[in-house]
Each structure stands twice: as C-alpha cells, then as structure tokens.
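Reader: I am new to this structure and would like to go through some of its details. Please show it first.

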There are 2 protein chains.
Amino acid sequence: MNQFVVQNVTIIDGKRIIPDGFVQVKDKWIVAVGSEWMDNHEECECIDGQGKILMPGLVNTHGHTPMTLLRGISDDLPLERWLKEKIWPAEAALDEETAAAGTALALVEMLRAGTTCFADMYHLNREGTALLTEESGMKASLSRGMIAFGSKEAQREKLNEAVTYAKACDASSSGRLRGAIFPHSPYTCSLHFLQEAKAAADVSSLPFQIHIAETRKEVREYEKEQGKRPIAHLMEKGILSNGSLAVHSVHVNKAEISALSHAGVHVSHNPQSNLKLGSGIAPLPQMLNENIPVSLGTDSAASNNTLDLFVEMRQAAMIHKGNEERAEVTNAQEIVNMATYTGAQTLGFPRAGLIKEGYEADFILIDTRQPHLTPQLNGYGALVYAASGRDVTDVFVAGCALMRDRRLLTLDEEKIRKEAALAHEKWKAAQ
Amino acid sequence: MNQFVVQNVTIIDGKRIIPDGFVQVKDKWIVAVGSEWMDNHEECECIDGQGKILMPGLVNTHGHTPMTLLRGISDDLPLERWLKEKIWPAEAALDEETAAAGTALALVEMLRAGTTCFADMYHLNREGTALLTEESGMKASLSRGMIAFGSKEAQREKLNEAVTYAKACDASSSGRLRGAIFPHSPYTCSLHFLQEAKAAADVSSLPFQIHIAETRKEVREYEKEQGKRPIAHLMEKGILSNGSLAVHSVHVNKAEISALSHAGVHVSHNPQSNLKLGSGIAPLPQMLNENIPVSLGTDSAASNNTLDLFVEMRQAAMIHKGNEERAEVTNAQEIVNMATYTGAQTLGFPRAGLIKEGYEADFILIDTRQPHLTPQLNGYGALVYAASGRDVTDVFVAGCALMRDRRLLTLDEEKIRKEAALAHEKWKAAQ
C-alpha cells in the first residue's frame, strides 16, 4: 500500500499555515496533518521537507490545451482581431496529431509549474486528451468545445459528441476525470443552441461552462440584438444556474454580480488573458465580496503566454489593487484559496484543494532556499508575490508522485518538446 | 586579452532580431555582430548559443537594495499605512550590517534574473554597497537617500554626504559606477531642500532623481499646500530638468506629460510596486507616445516582492492593455527596449543596452529549451509574455562572465543567503 510522510515542512493552504508540520499519506488520501510527526513504527517512506513549502496542487479552471502549440502566434492585438485574423485561421490548420502535440506540451508545462488539475475545452483529439491526462496522473474537467455555426444536423452532432465525451470522462476508472458541456459563447451559439446544450447537461447531470461577458463589445452587441445583457439573459433563461461556470465575466455590473451570487454560479477569472487581449479588468473584489466562488484560469497559451498559475495568482492579486487604488481589496490568502480549494470545488473535486485529513493527497513542494524567496516572512505573500512555477520541485496527485526533484515521472518531457516542435512545423506547412 | 564569441544564438535587442547570429567580444566591447560567424583563426573561446536567446542585460532604474531584507514584511496595505506603520519602523531597526546583508541578497537575486545594471537609493552602508557592486562586476547608479526632516544642520550634512558619495561613485576606477542625488520626495523634503539638492547636483554634474506623483493623495495634498501639482511645480522651479529621473510618475496629467517630454525628463515606471501599494496605474502609453524615455524599475522587494525585471516587463506590457481595453497600446518590442536600452541611457551608460558593435558587452543568455518557451514564434513575445528571470543561464557585464550555467562567479550565493537569514534574525530582535 502506498504510504509516506512529508515532514519538517511549512504547510500552507487557503485556510491555514502550519510552520513546521507533517502530512501523512495512505493510498490516495491525506490521513493526518499536524505539527509534530510521531513515528508510528509502521514502514513508511519519509520525505524531508526542510526549506520547502507544501501546498495544495494548483487548479486551472479554464484553458484550451491544443492551443499551446500557438503560443505567441499573435501578441498585442485585441480579442476580435486576434480571434478572426489569427486564431481561427491558425486553428483551422490544426489536426488531431498537432492538437495532441499541443496538449502534451500543455500538460508538461502545467505539471512542472505545480498545476495538478485543469479544465480543457477543445474539439480536436478528445479521446487522446482524456487518455494522456489519465497517463499523466493529473486531474481534469474535459469538454468538447462547440461553436454552433453550420447546419442544424451539424450542431446536433456536436452536442451528441459533447455529451458522449463528457459522460465517458465522468466514468473514468481512475476517478480523476470529469466531463462538462461547453458551448463556446453567446456570440458564437444561438440562444436556442445554448438552451439545448444546457438541457443536455442537466439530463446527464453534467456541469455547464461558457465564455461570457469577456469584452465590452460582446456585451454591447448582445444587448443591441437581444435587448438584454448576456449574463442577465442567460440567467433569466436558466442557462446559467447553480454550479455553472461563467468564464471571464469581465463586464458584469452590480446587479449581475448579485444575481450570479444568488444563483450559485461559479466564475473563472483569467486576468492575464483578459489584460493581454485588452478585454478589461473583471470586478474580482466585488465578486468575492458577494461570495461568488471565483477561481483562476490561464486561458490558452495563445493569449497569456504561459500556463503558470503562479503568474495568474500574482496578477489576480495585483491588478485590482492598482485599478481601484486600494491595496487592501485583494489579499494573498484569498488568492491562494481561489487557486486551490475554490478551483477544485468548481471542477467537481470536492475532496481536493486543502491539506486536511480526509482530502485527496494532491499537493506540491516549493523550494524556498532561493534568493527571491529569502527571507520568508509571510507564507501567503511568498506564494503570491514572489514565487513562480519554476520554484516547484515535487508534485503529487492522489498520493502518486508525478514530479520528484524537478523530474517528471509520468510524461516524457524531452520527447514531448521535440514532438511539439515537429508538430509546429507541420502546422505551419498546413497554413 | 579577454575575447570570445557567442554563436548559433538568437540575438534580440530593442531594435532588431537576428535569428541565428553571433556576437564577438574583445576586452569589454562588442566588436562584431552578425548572422554568420567566420572563424578568423585568432585564438578565441567559442560559446555555443544553440537553443538560447542573447539579449542586453536588463537595467533596473529604481530600487532600494537593503530593503530586500524586508521582503514580504507587509502585503496588501496601501502606501501610506505600509510606509508609516510598517516600513519606517522596520527601517529604523536596520543597521549597517543588516543593510549590507540585504544589499548582497538583492545583488544575487538581480544577477540571477539577468539584471546587469541597477539604481540603488539608500542611506545606510553606502561604501559597502559601492564596494560590493564593484566586486560583483555589475553596473549601478548609486545614491544616498535623503529624507529632509530634522535640523538644518542635519539636512546639510545629509546633502554633503550625498554629494561625496555620488562623486566617489562617478570616479570609480572600473567605470561601472555612477552617482546620483536623490532626495526622497516632495512630501518628505521641503521645496527649499529640493532646490539645494538640485543645485548641488548641477554644480557637480550629477543626475537628479526623485520619487514623485506616486499616489493620488500625494498629488492632492501637495496641491492643497502649494497650489500646484508636484511635477508641474518642480518643473517650474527647475528642480526637474533635462536628464532628471522622475520615479513613479503615476498621477500625471496630459499637460505634465507634455512638459516632461519637452524638458527631457526621464521616468522610471514601477508597475508592480504601484499596483501592490494601490498607488495606481501610470499612463505609460501616453508617456511613450510623447517620447519620454521611460524605463523600468522594481522598487524594493518590500513592495513587489521580487527584483525580477522579467516580471516587471510583463506587467508593464499587460496592465495598460487591460486598463485601456486596447491590446495595441503596448508592444513587446518597446517593452524590451525600455528594460534595456532606455534604462542604460537613463542611468548614465550611453554605450550599453544594445547588442551592437561599439557597445559594451553587457548581455545575458536565456534557455528557450523549456516547455513554457516552446514553440518560440515571436522573440519579443517570448521575452515579455513567457520568460522569467529563472530562465537566465549566463550573465556577462563589460565582457566578464558573472554567471555561467546558472552558477554565480563573483558572488557567493550560499554564504549571502545564510548571512541574510542571520541578519534577518538580528533585525527582528532589534525591533
């Protein structure tokens, strides 16, 4: 039976800090956490955590892994031009093989940076993504992306595929996959299609996710066409409801924040992507004040350009302070909680995201014996304002080691990097 | 004679990219740059740059190195409370020895992250800072910080010390140090003192630097007291003039931007510090449009919390796009130019900041063979939106290697980290 103890380690999760603690793991569970490890005479591997922080694995609640192959394809362009002039033509040149290479690259990058659980929405290479995620040992919420252009039949087929895929993920034997239904957005799907997608999700008890209120233009044009703002309208129609995930939610007003809160809608805040595409600055402090479960997402590497949630944590903490000219509107502990506990709840892993007895053993170790983490006065501050994904040395998911001493154990990093370079050449030739 | 060539390397500076180039160094100079290295049969060390980017060393135009010991002392508090409740009491407990430990830690952190030249303003351990900078092989603009509280005599003594220190730096035999005159701010120094400081700077041909227009409150209170906004007033009085460095310049209006531009005043943009303290978002795009030489600074680790200029570059590029909801208001090439060429010009190193024949050989190598830098479609984008200080492998200043393969050659990192931890204990005990 898999069992081990990490000791002499600073334990930090979204709820508390234990300065010199231990975590005991049996099978896939955390069975004990405390400040003094008493050897219990069982045979048990001991990992010395001296000089390290142990925290829950980070949870990335929004992304598109195949697009990692398009990293840097277009910088310094606004969302609409980025999408229409660069991304859609570029994506048209992706195929199953190149998409697979992008996904593998994303998994390597995320794992290295301490992400243990991620959301992925894409239309290509679905079974491949599920399979690789299983092999990697990571957790994920997977969905078939749907843009509802094309004939009624084509739309129906997409939705069928989406439901089949999501159900298969939910039924994964490892229990590490979840499925979701993810129509792209109110500006690429008709209201009718969104209603059908939501109904299909509800029938199969699948969570519903959607990009929404990302840009001012989107909201303005939707309002012109439908007479209502997109979030208000989708909530009124029951498309966004308890447990749904509203990705971006940049342009939301006070009434919408209150409605999202009352309905129990979750939000994925993607500050880097929203900044980089000039979409704007979401009212994070206001959403947190209304107790909306807001988690963090990187979006794809084509609009970020990394998948490092430490960067996202820092940005989420920083930007609202500056924008509102009030340093106290965000605090580092809350940001850590968003990136771990809230993220895990949002993606359907209720027993993950905390370092606590009875929770799954999803955690990472961070080496603080580095100049930029010295001295270490404040654990939350160190994680949010100074650390980076490059400081993560070890990753465990459900009690299994996926990275030890910066070496990946389940993914062949060199091979994946080389295949990504080849796939990138193939993609360029196909353009 | 020191000479070597770096070949098979992607060369990127603020002006151009050479995809598969070489840089030839003799003594402290770059003597040739091109795309095809022809062996000239001289005995010459060759460094293979395969898979790497070679760029100018980064220039940090604002900071307080001893405060690195106060990293994380106070997060999520606004500037005024941060300063009065936390920083000033904390600084009062620093002494020459603990300040020296903080400076050493800062130099290690900066060097590791590819910073080759920095500005430092502080009142303690001045000679020690100059000496250690010389030993480290880095370049710097050093100044004695002056807060003009206290008696006339005390103020005069501070100013005398500041001039003596700045002149000594300017006269350094290595030519790698510059001196500057740096009264803290218009809210901690009387107008009279600022005038005296400026006159002293001018008499000795020393550059003048000052924190200014950092918060809305500062501007409002100054205006209430003096009837004018601080930048406008100091320009009118000739205190800010050609070549002066206005640090922060967050709350500047259109007329002030135009005036700064006409007068040839430089600006140090410190986006992380300005965000973290809730000071606000400086109008960077507008300042660049008016051709103000704007460079980047980290400020101290107590308000950042790192000294990594890659983080600063990313923030400078990102935040204005989101704030103005226009992705095109900043571009990655311009940001790289700010962090290198403009910074070097601002700190008084006219032949630094470019990879160009006749410039000093101050450059760094970045390892791109990593998942988060794969694929590499756009060099400027990779540097600004994906790279981090942790990707820097080699640092050269004036032709000398200061870091090779991530190992520091001039500073004893382990010793400095341990001394910083001890100094931190000493500082805590003194509080």
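Reader: Are Lys139(B) and Asp362(B) buried or exposed?

Author: This is a predicted model, in which local features need pLDDT of at least 70, side-chain atom pairs count only at pLDDT 80 or more, and totals for chains, interfaces and linings use all residues. Residues are numbered from 1 along each chain as its sequence is written, chains are lettered from A and ligands numbered from 1 in the order in which they are written, and side-chain values use heavy atoms, with hydrogens and water left out. Buried means under 20% relative accessible area, exposed over 50% and partly exposed in between, with a 1.4 Å probe and protein chains only. By that scale, Lys139(B) and Asp362(B) are both buried.

Reader: How far apart are the closest N and O atoms of Lys139(B) and Asp362(B)?

Author: A salt bridge is a side-chain nitrogen of Lys or Arg within 4 Å of a carboxyl oxygen of Asp or Glu. Lys139(B) and Asp362(B) form one, and their closest N and O atoms are 2.7 Å apart.

Reader: Where in chain B do Lys139(B) and Asp362(B) lie?

Author: Helices (H or I, at least four residues) and strands (E, at least two) are DSSP runs, numbered from the N terminus. The salt bridge of Lys139(B) with Asp362(B) links distant parts of the chain, 223 residues apart. Lys139(B) is in strand E8 (residues 139-146), and Asp362(B) is in the loop between helix H12 (332-346) and strand E14 (363-367).

Reader: Why are Lys198(A) and Asp202(A) about one helical turn apart?

Author: Lys198(A) and Asp202(A) form a salt bridge, with 3.3 Å between the closest N and O atoms. Lys198(A) is buried at 8% relative accessibility, while Asp202(A) is partly exposed at 46%. The separation is about one helical turn because the two residues are 4 residues apart in helix H5 (residues 191-203) of chain A.

Reader: How many salt bridges does the structure hold?

Author: Side chains of opposite charge can pair when their charged atoms come close. Over all chains, the number of salt bridges is 60.

Reader: Which residues is His320(A) in contact with, leaving aside its neighbours within four places in sequence?

Author: His320(A) belongs to helix H11 (residues 309-324) of chain A. With a relative accessible area of 1%, His320(A) is buried. Contact means heavy atoms within 4.5 Å. On that basis, the residues in contact with His320(A) are His269(A), Ile281(A), Ala282(A), Leu284(A), Pro285(A), Glu325(A), Val329(A) and Thr330(A).

Reader: What is omega for the cis peptide bond that joins Asn304(B) and Asn305(B)?

Author: Asn305(B) sits in the loop between strand E13 (294-296) and helix H11 (309-324) of chain B. The bond joining Asn304(B) to Asn305(B) is cis, and omega is about 5°.

Reader: What is phi of Ala398(A)?

Author: Ala398(A) is in the loop between strand E15 (392-397) and strand E16 (400-404) of chain A. Ala398(A) is buried, with a relative accessible area of 12%. Phi is positive here in a residue other than glycine, with a value near 45°.
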